[in-house]
Amino acid sequence: MKVLIVDDSKAMRMIVKRTLRQAGFNDIDVDEAGNGKEAIEKINADKPDLVLCDWNMPEMTGIECLEELNKAGSDVKFGFVTSEGTPEMRARASEAGALFLIAKPFTADTFKENLAGVLVSS
Amino acid sequence: MMDACTTTKVDYWLDIAADAVKEFSATCLGMEETDVEVVGKDTVPPRGMAGAYLALVSLDDAVQIGFVSDETGCKAISGAMLAMEEDELEELTQSDIKDTMGEVVNIVAGMVKTKMVNINPDLNLGLPIFLTGPVEPLPQQEFGTVQMKIGSSIARVVIIRQSDPDAETLQGPST
């Protein structure tokens with residue numbers, strides 16, 4: 001399975017990759033993007049099975065990215081991994097079609113719980 | 001809920017931010033509860049420290065949250081966040097440290113936003129910036145820092161808040 005990690009922080013992309021492994025999701029190919037615009041290019045080119053996306057990013061935010069994907073009719077599975085975990089943000093994410101919103105700081109267990117229906121763990 | 005006539009003091013923001021740093025340290029830095037503590041508060045801009053700042057803004061309030069440490073502390077905290085061993089810390093580049101400290105303040109500010117949701121649900125997060133050198137408030141701004149021991153490092157959480165001299169100031173909600 002292909003997973004695209006979208007975050008403007010290289011450190012956070014590394015931490016998300018590490019947490020996926022810790023959560024037991026080892027049989028996955030991981031790619032990275034630094035903002036929503038780059039993510040859309042990679043989604044169109046590589047068709048990942050899941051996008052794990054930050055919310056607040058320069059150039060194009062995560063919610064703008066999801067809205068663009070919706071307009072284009074994309075059915076890519078999409079979830080947020082973000083520091084913004086308020087009820088309002090969760091509602092906004094859900095309304096836009098995100099499967100989940102994982103709030104930072106997160107643990108491997110949080111990833112397991114949220115991704116269980118989307119990725120297969122080994 | 002906040003209205004145009006209410007404000008929260010810098011002290012309240014500092015307490016909320018310190019709690020967020022404790023939770024962050026436990027989850028992201030692998031620290032035990034006893035490894036992280038508040039060791040002091042003051043209103044003096046920290047010297048000899050660098051770190052990341054991020055804005056939390058709404059119509060009623062405008063705050064910069066900073067998370068700063070000395071060179072050794074920035075390296076140690078960044079290394080802990082990246083799960084590096086002590087002998088690997090020298091591999092960290094300045095770019096790695098800036099990026100990681102930026103993410104630290106991003107996470108802490110996000111937690112502060114969530115903790116403040118019943119007081120001010122309209123806060124918006126900015127993007128982090130990394131600054132080296134002292135950050136000083138303008139005359140119309142309130143300023144405070146809380147000094148925290150995080151493992152063997154000393155870090156400071158900085159709050160710079162836009163004052164509203166016409167607003168009634170509250171202590172913040174009782175808990």
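**Figure 1. Lining of the largest pocket in the predicted model.** The residues that line the largest pocket divide into 9 nonpolar, 6 polar and 3 charged. This is a predicted model. The pocket has a volume of about 350 Å³. Its lining counts 18 residues. Nearest the centre lie B:Met31, B:Ala76, B:Ala80, B:Ser152 and B:Ser153. Two elements of chain B, helix H2 (71–81) and strand E8 (153–162), each give two or more residues to this lining. H2(B) supplies the largest share, 5 residues.

**Figure 2. The second largest pocket, lined from chains A and B.** This pocket has a volume of about 180 Å³. It is lined by 15 residues. A:Ile15, A:Arg18, A:Thr19, A:Phe106 and B:Thr27 lie nearest its centre. Helix H1 (10–22) of chain A and helix H1 (10–28) of chain B are the elements that give two or more residues to the lining. H1(A) gives the most, with 5 residues. By class, the lining has 9 nonpolar, 4 polar and 2 charged residues.

**Figure 3. The largest cavity, lined by residues of chains A and B.** A search of the whole structure finds 1 cavity of 30 Å³ or more. About 40 Å³ of space lies in the largest cavity. From chain A, the lining takes A:Asp8, A:Asp54 and A:Asn56. From chain B, it takes B:Leu54, B:Glu103, B:Asn106, B:Gly126, B:Leu127 and B:Pro128. The classes are 3 nonpolar, 3 polar and 3 charged.

**Figure 4. Packing of H1(B) against H3(B).** H1(B) packs on helix H3 (residues 94–115) of chain B at an angle of about 125°. Their axes are 9 Å apart. The two helices are therefore oblique to each other. Their crossing is right-handed. On the H1(B) side, the contact is made by B:Trp13, B:Ile16, B:Ala17, B:Asp19, B:Ala20, B:Val21, B:Glu23, B:Phe24 and B:Cys28. On the H3(B) side, it is made by B:Val104, B:Ile107, B:Val108, B:Met111, B:Val112 and B:Lys115. By class, this contact has 12 nonpolar, no polar and 3 charged residues.

**Figure 5. Packing of H2(B) against H3(B).** The axes of H2(B) and H3(B) come within 9 Å. They cross at roughly 75°. That makes H2(B) roughly perpendicular to H3(B). H2(B) contributes B:Cys74, B:Lys75, B:Ile77, B:Ser78 and B:Met81 to the contact. These meet B:Ile97, B:Thr100, B:Met101, B:Glu103, B:Val104 and B:Ile107 in H3(B). The contact residues divide into 7 nonpolar, 2 polar and 2 charged.

**Figure 6. Crossing of H2(A) and H3(A).** Helix H2 (residues 36–46) and helix H3 (residues 62–71) of chain A have axes that come within 9 Å. The axes cross at roughly 35°. H2(A) passes H3(A) in a right-handed crossing. A:Gly36, A:Ala39, A:Ile40 and A:Ile43 represent H2(A) in the contact. Their partners in H3(A) are A:Cys65, A:Glu68 and A:Leu69. By class, the contact residues divide into 5 nonpolar, 1 polar and 1 charged.

Figure 7. A cis peptide bond joins A:Lys104 and A:Pro105. Omega there is about 0°.

Notes
Residues are numbered from 1 along each chain as its sequence is written. Chains are lettered from A and ligands numbered from 1 in the order in which they are written. This is a predicted model: local features need pLDDT of at least 70, side-chain atom pairs count only at pLDDT 80 or more; totals for chains, interfaces and linings use all residues. Side-chain values use heavy atoms; hydrogens and water are left out. On a 1 Å grid over the protein atoms alone, a cavity is a set of points where a 1.4 Å probe fits but cannot get out, and a pocket is an open set with protein on both sides within 12 Å along at least five of seven lines; lining residues have an atom within 4 Å of a point. Grid points are joined across faces, edges and corners, and a volume is the space filled by probe spheres set on the points. Helices (H or I, at least four residues) and strands (E, at least two) are DSSP runs, numbered from the N terminus. Ala, Val, Leu, Ile, Met, Phe, Trp, Tyr, Cys and Pro count as nonpolar, Asp, Glu, Lys and Arg as charged, and the others, Gly among them, as polar. Axes are lines fitted to C-alpha atoms, for helices over the stretch in contact, and angles run from 0 to 180 degrees between N-to-C directions. Angles under 35 degrees count as roughly parallel, over 145 as roughly antiparallel, 65 to 115 as roughly perpendicular and the rest as oblique. A crossing is left-handed if the near helix is turned anticlockwise from the far one by less than a right angle, and right-handed if clockwise. Contact means heavy atoms within 4.5 Å.
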